[in-house]
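Let's take a friendly walk through a protein model, from a few single residues out to the whole chain. Have a look at the picture before you read on.

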Amino acid sequence: MGRLRRSRTHHAQRDVHRASRTRARTKDLDQIQLIDLDPKNRAALEAQPLDLEKPGLAQHYCVECAKYFESDHALQSHWKSKVHKRRCKALREPAYTIEEAERAAGLGKEGKRPTSTTIAPEQEMTI
């Protein structure tokens with residue numbers, strides 16, 4: 001029984017995890033809800049002009065997932081997939097607003113005292 005050789009799978013890449021995190025980055029849910037699902041923008045995205053740089057010449061686009069597909073058949077099968085249905089379910093929930101995020105971080109306006117320390121003229125006479 002000899003020593004087991006270490007597998008060398010990363011081929012001198014220092015940060016494999018960062019590359020895998022940013023490789024397939026798509027639009028966030030709030031961007032899709034606020035911009036892409038607007039009826040005018042949705043119609044423009046579904047009827048894009050021919051683009052040689054994008055898959056399928058930019059003719060087969062899923063607005064909810066923000067992805068291009070090679071053929072109409074691939075787009076139809078994507079609409080039936082679990083990934084697309086999961087994304088549509090997540091899009092039905094309203095997006096968080098900036099005020100909600102600030103309140104969750106403790107920066108909201110509820111329960112805070114006024115920041116000004118000036119004394120009213122009526123209070124000055126009583127002091």
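## A close look at the model

Ala58 is buried, with a relative accessibility of 0%. Here, buried means under 20% relative accessible area, exposed means over 50%, and partly exposed is in between, using a 1.4 Å probe and protein chains only. Before going further, please note that this is a predicted model, where local features need pLDDT of at least 70, side-chain atom pairs count only at pLDDT 80 or more, and totals for chains, interfaces and linings use all residues. Residues are numbered from 1 along each chain as its sequence is written, and side-chain values use heavy atoms, with hydrogens and water left out.

Where is Ala58 found? Ala58 sits in the loop between α3 (39-46) and β1 (61-62). Helices (H or I, at least four residues) and strands (E, at least two) are DSSP runs, numbered from the N terminus. The phi of Ala58 is near 65°, a positive value in a residue other than glycine. Most residues other than glycine have a negative phi. Ala66 also has a positive phi, of about 55°, although it is not a glycine. Ala66 belongs to the loop between β1 and β2 (67-68), and with a relative accessible area of 16% it is buried.

### The annotated stretch

For residues 60-84, an unreviewed UniProt entry lists "domain: C2H2-type". UniProt positions are given in the numbering used here, feature names are shortened, and annotations may be inferred rather than shown by experiment. In the model, this span is 44% helix and 16% strand, and its end C-alpha atoms lie 15 Å apart.

Now for the cysteines. A disulfide is a pair of cysteine sulfur atoms within 2.5 Å. How many disulfides does this rule give? The count comes to 0. Cys62 has its closest cysteine sulfur in Cys65, but at 3.8 Å this is too far for a bond. Cys88 also has its closest cysteine sulfur in Cys65, and there the 6.2 Å is too far for a bond. Cys62 is buried, at 1% relative accessibility.

His78 is found in helix α4 (residues 72-79) and is buried, at 8% relative accessibility. Contact means heavy atoms within 4.5 Å. Not counting residues up to four places away in sequence, His78 touches Cys62, Cys65, Phe69 and His84.

A search of the whole structure finds 1 aromatic pair. Tyr61 and Tyr68 form this pair, which is tilted, with 4.6 Å from centre to centre and 50° between the planes. Rings of Phe, Tyr and Trp (its six-membered ring) pair if their centres lie within 6.5 Å; planes under 30 degrees apart count as stacked, over 60 as edge-to-face and the rest as tilted. Are the two partners buried or partly exposed? Tyr61 is buried, at 8% relative accessibility, whereas Tyr68 is partly exposed, at 25%.

Leu45 is in helix α3. The C-alpha atoms of Leu45 and Cys62 are 8.7 Å apart, while the two residues are 17 residues apart along the chain. Gln33 is placed in helix α2 (residues 29-36). A polar atom of the Gln33 side chain lies 2.7 Å from the backbone oxygen of Leu91.

### Stepping back

What does the protein consist of in terms of helices and strands? There are 7 helices and 2 strands, and from the N terminus on the elements run α-α-α-β-β-α-α-α-α. Of the 127 residues, 17% count as buried. The protein exposes about 11,600 Å², and carbon and sulfur atoms supply 54% of that area. These accessible areas come from the Shrake-Rupley method with a 1.4 Å probe; for residues, only the protein chains shown count as cover. Among the contacts with a separation of 6 or more, residues 24 or more positions apart account for 30%.

Methods: Polar contact = N/O pair within 3.5 Å; in protein donor to acceptor, adjacent residues only side chain to side chain.
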